[in-house]
Amino acid sequence: MTTAFIAAHASGEHWAAISSELAEKLERQGEIPDGLAFLYVSEPLAADMGSMLTFLRSRLGVEFWVGTSGVGVCGPGRAYFGVPAASVMIAPLDPDQFHIFDPIRSEGDIDDISLQEAIARLEPLFGVVHADPGVPEALKLLPELARVGSTYLVGGVGAGGDKGGPQIANRVTHGGLSGVLFASDTLVQVGLSQACSPIGPVHRVTEGRGGIIAMLDDKPAYQVFSDELASDENGISTQPGAESNANAASAQVATGRYHIAFMVPGTDTGDFVVRNVMGVDPQNNLMAVNDDARPGDAVRFVRRDSTTAEQDLRRMLADLQRRLPARPRGAIYCSCVARGPHLFGTENREMMIIQEELGDLPLTGFYGNGEICNDRFYAYTGVLTLFM
């Protein structure tokens, strides 16, 4: 069996033409390897995913498939948004090296006999997971799934309109978390780009409940927020005085440039997960965020903009290169729909940066409604996995 990863991407007016173009591009690269195929389609093709899977499986002779639909899809140096498009990568792996699992919707599904037998056989240290946006509660199962076999998970939340996001787990399916677990001897390197930079120190929530934060370090939360925005050299500029700071900070919430980051306990790298500031109440010094803020939580405020995003992406890629024992064979990139042209200016810029830094290697991926890295759900991030 050939050991080369192969990948292709295509766009067009109809799923059949796109599927044919994908197959032709893959066939021109030489022998089609047996193994595992990843298929990602853009949202306009979500309803046609089953037809594409049937065609590609028959044409290419590859039996095992995983994937999902995204707001956009990507390949080497290229991304597609708002148009019918698809991206494929075939990894030349023996079936004994991986296990594809059906959607997990409850803790009981993790105890499924076939999944437990596969975990015992593979002793997986790595897995790729796709989540259905129509079943957001399934994301709470990520830590439990990751604990089984001490598995490092990557992936993202798909897209598909009102009916949620269809997934591929050897067949088209819906709901929960589906994906593939890999044997412990599968070598990968993973990088996470947050696209954010801190604008102040870490604070402790001293009064908060649900999504409302009242006090940070025993000080009014909104006042802490507005003061830090006023001191951000690369952010807003305000006139001296607390009142003008507060007014400027209130106006900045609507821009979506500033966010709150919840620090991840137990890490020595300062890792955090970014959440939106949903609203503010200057009169009562309250802030609303889209996560459960509890007393004792460590948080900090961060800024997200195009300059920061590119700097952080290049930092992540440089860090990956320092860790690489050899040239990667293939890659999967799961990025946030809020990135892409919204953050990098043009449709292809994000993928071109990856290509500039790592060279032209087989790559597939999608832009979704959130990203998965390790056992956590992120937003505004790019998660790059390199197969060695």
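Colleague: At what angle do helix H1 and helix H2 pack?
Modeller: This is a predicted model, and in it H1 (residues 15-27) and H2 (residues 49-60) pack at an angle of about 30 degrees. Their axes are 10 Å apart.

Colleague: What do we call that arrangement of H1 and H2?
Modeller: Angles under 35 degrees count as roughly parallel, and H1 and H2 are therefore roughly parallel to each other. Their crossing is right-handed.

Colleague: Which residues of H1 and H2 meet?
Modeller: From H1, you have Trp15, Ile18, Ser19, Ser20, Leu22, Ala23, Glu24, Leu26 and Glu27. They meet Ser51, Met52, Phe55, Leu56, Arg59 and Leu60 of H2.

Colleague: And how many of the residues in that contact of H1 with H2 are nonpolar?
Modeller: Nine are nonpolar, with three polar and three charged residues making up the rest.

Colleague: Nice. Now strands! Why is strand E12 described as largely enclosed?
Modeller: E12 covers residues 177-182, and six of its six residues are buried, so the strand is largely enclosed by the rest of the structure.

Colleague: Which residues sit on each side of E12?
Modeller: Leu177, Gly179 and Leu181 are on one side, and Ser178, Val180 and Phe182 are on the other.

Colleague: Which way does strand E7 pair with E12, parallel or antiparallel?
Modeller: Antiparallel, over five bridges; E7 is residues 98-104. Within that pairing, phenylalanine 98 stands opposite phenylalanine 182 of E12.

Colleague: How many bridges link strand E8 and E12?
Modeller: Six, and E8 (residues 126-131) also pairs with E12 in the antiparallel sense. Here alanine 131 stands opposite leucine 177 in E12.

Colleague: Back to helices. At roughly what angle do H8 and H10 cross?
Modeller: The axes of H8 (residues 306-323) and H10 (residues 349-358) cross at roughly 30 degrees and come within 10 Å. H8 and H10 are therefore roughly parallel to each other, and H8 passes H10 in a right-handed crossing.

Colleague: Which residues make the contact between H8 and H10?
Modeller: On H8 they are Glu310, Leu313, Arg314, Leu317 and Gln321. On H10 they are Arg349, Glu350, Ile353, Ile354, Glu356, Glu357 and Leu358.

Colleague: How many of those in the contact of H8 with H10 are charged?
Modeller: Six are charged, while five are nonpolar and one is polar.

Definitions and conventions: Residues numbered from 1 in each chain as written. Predicted model: local features only at pLDDT ≥ 70, side-chain atom pairs only at ≥ 80, totals over all residues. Heavy atoms only, no water. Buried < 20%, exposed > 50% of the residue type's maximum accessible area, 1.4 Å probe, protein only. Helix = DSSP H or I, 4+ residues; strand = E, 2+ residues; numbered from the N terminus. Pairing = 2+ DSSP bridges. Axes fitted to C-alpha atoms, helices over the stretch in contact; angles between N-to-C directions. Parallel < 35°, antiparallel > 145°, perpendicular 65-115°, else oblique. Left-handed = near helix turned anticlockwise from the far one by under 90°. Contact = heavy atoms within 4.5 Å. Nonpolar A, V, L, I, M, F, W, Y, C, P; charged D, E, K, R; others polar.
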